Structures are given as C-alpha cells and as structure tokens.
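Q: Could you walk me through reading this model, one feature at a time?

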Amino acid sequence: MCLEDLNQNFLEWPNQRQRGTATVDKTPCVVIESRPNETDTPIYGLIVCWIDNQKRVAVRIEKFLPNKKLARVIVADKVVKLRNGRYGVKKFTVSTPTTSRTTILEGVSHKTVNYDDSAFTLNAMKHVSAP
C-alpha cells in the first residue's frame, strides 16, 4: 500500500464511465470506471469502483497499473452511519494480489482533522500527537 492509495480522489478524475451494476456481498452496486487524464502521471491507469446504491459509499475498489495488471483490491469490511446522516467506511482491507500482502485499516471515530504540510516534516513527525 502507498500514500496514493489513501489520498487519491479518483472519483474526481475527468474520465468516468458507468460500467453497469453488480452485487457485492448481497449489496446492489453501480460500477464506475475511472481513468486519469493522459497528461497526468498517477501510478494507476484504471480504477474500478463498486458503489453501494443506497448508502453511496464505495464497497470495493480495484486499482490497475498502466500495463493493466491488478495492483490493489480495497474492500470495505464495515460501513457505518455518520453523525451527519451519511455513510462512511470504518474498516477496510487493502490487498496486493501479486504479493499476497494485506493491510487492514480501521477507524475508531469520525472527526475532521486538518493538518498543513509543515506537520509532515521529519522534525514534526518526531513530535506527533493525536488531535
């Protein structure tokens, strides 16, 4: 897993196409295909996302390299209703098919936290504290 896996906003990419519908773990989903601009240089050339029709949250994401090899599979393991009435992913699993590596990420609460770039310097990271 890399930083781009966490901060990539592929649903904002200009090249979107609805592939159709599918079911993921008994959940009806719309399947969206996202491609970056030809002038961009992201590490992924194609991202396919299954979005829960009712909760409007991604329940499965497959990320493909420019050579069309599957690089990452992200699966929402736990979806929760947030205070604002929307839904969010509380726990998800990121798998790397070529290495059989898996990373599980789980949030304990939903709170907006803002950091600027200075918080990510080497010196700042030595003194990090939870918000």
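Q: How many helices and strands are there in the protein?
A: Helices (H or I, at least four residues) and strands (E, at least two) are DSSP runs, numbered from the N terminus. Here there are two helices and seven strands, in the order α-β-β-β-β-β-β-β-α along the sequence. This is a predicted model: local features need pLDDT of at least 70, side-chain atom pairs count only at pLDDT 80 or more, and totals for chains, interfaces and linings use all residues. Residues are numbered from 1 along each chain as its sequence is written, and side-chain values use heavy atoms, with hydrogens and water left out.

Q: Which residues make up the largest nonpolar core?
A: In soluble globular proteins, nonpolar side chains tend to be buried together. A nonpolar core is a set of buried (under 20% relative accessible area, 1.4 Å probe, protein chains only) Ala, Val, Leu, Ile, Met, Phe, Trp, Tyr and Cys residues joined through side-chain atoms within 4.5 Å. In this protein the largest one has 12 residues, including Phe10, Trp13, Ile32, Ile47 and Ile61. β2 (27–35), β3 (46–52) and β5 (70–81) each supply at least two of its residues, and β3 gives the most, with three. Apart from this core lies another, of 10 residues, among them Leu46, Trp50, Val59 and Ala76.

Q: What does Ile47 touch?
A: Contact means heavy atoms within 4.5 Å. Leaving out residues up to four places away in sequence, Ile47 touches Gln8, Phe10, Trp13, Ile32, Glu33, Ser34, Ile61, Glu62 and Lys63.

Q: Is Phe120 buried or exposed?
A: Exposed means over 50% relative accessible area. Phe120 counts as exposed because its relative accessibility is 54%. Phe120 lies in the loop between β7 (101–106) and α2 (122–126).
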